Structure formats: structure tokens, C-alpha cells
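This is a short briefing for a reader who has not seen this structure before. Please look at the sequence and the model first.

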Amino acid sequence: YQQQPSSPWFQKLHSDLEFFQLLIKRCVFRQEAVDFMKQHQFDQHIVIGLHIRAVNGEQYHFSESGRHVVNETEFISNLMLLLKQLLDNNSQTKKPPLIFLATDTAHLIPVVQEATRNKFKVRTIVLPQIRLEANQGVTYGALRRGKACLDGWKAMMLDSIIPVSYTHLRA
């Protein structure tokens with residue numbers, strides 16, 4: 001993932017942020033996000049929003065853009081280094097950290113939770129939702145009808161809204 005301002009992926013990050021901030025104000029599921037944050041006491045923590053799209057059997061765009069995770073062990077190791085920097089840079093705050101993990105890659109959830117618990121003694125939470133098994137693609141490709149489709153779409157929206165709007169730090 002290229003971080004140079006001239007990179008189209010860098011520019012996309014900024015346009016996505018603006019777009020989601022506009023959507024949040026109009027989101028019909030906003031109250032569910034608020035309820036989730038109250039349940040997990042976001043107001044009593046410094047919340048780190050972590051969004052992982054590790055490619056769950058998808059191809060093309062993710063591989064071509066360099067956004068896929070090639071080596072999960074190395075990815076988790078690098079993620080822990082990044083989180084250590086964020087935690088060290090914000091160690092002056094009186095509130096304890098909490099990590100909100102947004103992902104559709106189910107098998108990484110316990111890996112990240114264990115790593116953050118063991119390395120930093122920090123709790124990592126996720127929004128409950130339908131997640132497909134490893135290498136099965138994304139939910140919008142598998143859940144195409146009825147309540148499962150709506151629930152899958154709602155979960156993806158909330159997974160986008162919470163880290164963008166209701167966290168203090170984003171990784």
C-alpha cells in the first residue's frame with residue numbers, strides 16, 4: 001500500500017474518509033453503532049480503529065494494488081510494531097486503550113486478539129457479524145437475499161463507520 005501523496009491509493013484513502021463522514025450523518029443504523037460503543041465503553045478508552053482487509057479468496061484488485069497480505073505472520077508482526085508506536089505515542093493519556101478491529105477476514109480475529117492481549121494487555125473487540133470461512137470471498141458475494149443480505153450489508157457499513165468516526169487513532 002503506497003503512502004506517497006501522489007499515489008492513487010493514498011488519494012483514495014482521503015476521498016473514502018470524506019465520503020464515509022458524509023454517510024455517517026445519514027446512516028439509518030447509526031444507533032446500533034452508538035449502542036455498540038456504549039456497550040464497550042468507548043468514552044472511557046482511547047480507541048484505536050484497525051481495519052484489516054486481508055483478501056479472503058479475492059483476486060485482481062487486491063493483488064494488483066499491493067493491498068493483499070502475502071505473509072500473515074509477518075503482517076501480524078508489523079502490525080504489532082505499528083500498534084506499539086501508537087500506544088507509545090499516546091501513553092500520556094489517562095484512559096486505557098481499546099482496539100476496535102473491523103475485518104471480514106474471520107481467521108485473523110483471534111490472531112489479532114491474542115497478539116494484542118499478549119503483547120500489550122489490550123483488549124481487541126469486533127462487531128458481531130456474519131463472516132465467511134477462509135478463502136470464501138466477501139459476504140456481499142455470498143449473501144445475496146433476504147435478511148442475511150441486509151445484515152451483511154449493515155455489518156460492512158458499521159465496520160466502516162465506527163473506525164472512521166468514533167475512534168481516536170486509526171491504523
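The points below go from the whole protein to single residues.

This is a predicted model, in which local features need pLDDT of at least 70 and side-chain atom pairs count only at pLDDT 80 or more, while totals for chains, interfaces and linings use all residues. Residues are numbered from 1 along each chain as its sequence is written, and side-chain values use heavy atoms, with hydrogens and water left out.

**Overall make-up**

- The protein has seven helices and four strands; helices (H or I, at least four residues) and strands (E, at least two) are DSSP runs, numbered from the N terminus.
- Along the sequence these elements follow the pattern α-α-β-α-α-β-α-β-α-α-β.
- Of the 171 residues in the protein, 42% are buried; buried means under 20% relative accessible area, exposed over 50%, and partly exposed in between, with a 1.4 Å probe and protein chains only.
- Among contacts (heavy atoms within 4.5 Å) with a separation of 6 or more, 78% are between residues 24 or more positions apart.
- The protein exposes about 10,500 Å², and carbon and sulfur atoms supply 54% of that area; accessible areas come from the Shrake-Rupley method with a 1.4 Å probe, and for residues only the protein chains shown count as cover.

- Helix 2 spans residues 30-39, and its buried residues are Ala33, Val34, Phe36 and Met37.
- An α-helix has 3.6 residues a turn, so residues three or four places apart point the same way.
- Lys38 and Gln39 are exposed residues on the face of helix 2 turned away from its buried side.
- His40 is in the loop between helix 2 and strand 1, and it is buried at 14% relative accessibility.
- Leaving aside residues up to four places away in sequence, His40 touches His45, Leu98, Arg123 and Ile125.
- Gln41 is in the loop between helix 2 and strand 1 (46-52) and is partly exposed, with a relative accessible area of 36%.
- Although Gln41 is not a glycine, it has a positive phi of about 55°.

**Aromatic cluster**

- The whole structure contains three aromatic pairs; rings of Phe, Tyr and Trp (its six-membered ring) pair if their centres lie within 6.5 Å, and planes under 30 degrees apart count as stacked, over 60 as edge-to-face and the rest as tilted.
- Phe36 and Phe42 form an edge-to-face pair, with ring centres 6.2 Å apart and planes at 75°.
- Phe36 is buried at 5% relative accessibility, and Phe42 is buried at 6%.
- Phe36 also pairs edge-to-face with Phe100, at 5.7 Å centre to centre and 75° between the planes.
- That pair links distant parts of the chain, since Phe36 is in helix 2 and Phe100 is in strand 2 (residues 97-103), 64 residues apart.
- Phe36 and Phe100 are both buried.
- Ring pairs join Phe36, Phe42 and Phe100 into a cluster.

**Around strand 3**

- Lys121 lies in the loop between helix 5 (108-120) and strand 3, and it is exposed at 71% relative accessibility.
- Phi of Lys121 is near 60°, a positive value in a residue other than glycine.
- Thr124 is in strand 3 (residues 124-125) and is buried, with a relative accessible area of 6%.
- The side chains of Thr124 and Thr116 make a polar contact at 2.6 Å; a polar contact is a pair of N or O atoms within 3.5 Å, where within protein one must be able to donate a hydrogen and the other to accept it, and residues adjacent in sequence count only if both atoms are side-chain atoms.
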